[in-house]
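Please study the structure before reading each solution.

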Amino acid sequence: DVVMTPEFQSRKDYQHEPSNMPDRSLVQTHTAEVLRQVEGAGMKEKGWVGGDAWFGSVTTAVETKRRFNVDSSWIIKNN
């Protein structure tokens, strides 16, 4: 998915849904991609997912925990 155009990605699941962040900001492409991967892999609760700075953000960590109860670790360069 990460090599698809933004127009195509914007039509996929989780993209631009309200997040669980305090400001209810919209889920961006990198977070939506992780959520689709967690769902598609059938990860069990209390599982773990991680990744590099492309996928990592505070929002990604919050969303994987709140939506799927999956723990995560990310390299985060900025939020």
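Predicted model: local features only at pLDDT ≥ 70, side-chain atom pairs only at ≥ 80, totals over all residues.

**Exercise 1.** Determine in which sense strand 1 and strand 2 pair, and describe how the chain passes between them.

*Solution.* Begin with the two strands: strand 1 covers residues 48-51 and strand 2 covers residues 71-74. They are joined over 4 bridges, and the pairing is parallel. As a point of reference within the pair, G51 stands opposite W74 of strand 2.

**Exercise 2.** Classify the aromatic pairs Y14–F68 and W54–F55, and state whether each ring's residue is buried or partly exposed.

*Solution.* A pair of aromatic rings is described by the distance of the centres and the angle of the planes. The count of aromatic pairs is 2. For Y14 and F68, the centres are 6.3 Å apart and the planes stand at 75°; since an angle over 60 degrees counts as edge-to-face, this pair is edge-to-face. Y14 belongs to the loop between helix 1 (6-9) and helix 2 (29-40), whereas F68 belongs to helix 3, so the pair links parts of the chain 54 residues apart. Y14 and F68 are both buried.

For W54 and F55, the centres are likewise 6.3 Å apart with the planes at 75°, and therefore this pair is also edge-to-face. The relative accessible area of W54 is 47%, so W54 is partly exposed. F55 has 18% relative accessibility; because buried means under 20%, F55 is buried.

**Exercise 3.** Describe the surroundings of T64.

*Solution.* First, locate the residue: T64 lies in helix 3. Its relative accessible area is 0%, so T64 is buried. Finally, set aside the neighbours within four places in sequence; T64 is then in contact with V34, L35, V38, V49, N69, V70 and S72.

**Exercise 4.** Compare the span of helix 2 with the expected value, and identify what covers its buried residues.

*Solution.* Helix 2 contains 12 residues. From its first C-alpha to its last it reaches 16 Å, close to the 16 Å expected at 1.5 Å a residue. Its buried residues are H30, T31, A32, E33, V34, L35, R36 and V38. Among the elements that cover them are helix 1, strand 1, helix 3 and strand 2. After helix 2 comes G42, whose phi is positive, near 65°.

Terms used:
Residues numbered from 1 in each chain as written. Heavy atoms only, no water. Pairing = 2+ DSSP bridges. Right-handed = clockwise from strand over helix to strand, strands pointing away. Phe/Tyr/Trp six-rings, centres within 6.5 Å; stacked < 30°, edge-to-face > 60°. Buried < 20%, exposed > 50% of the residue type's maximum accessible area, 1.4 Å probe, protein only. Contact = heavy atoms within 4.5 Å. Expected span 1.5 Å × (residues − 1).
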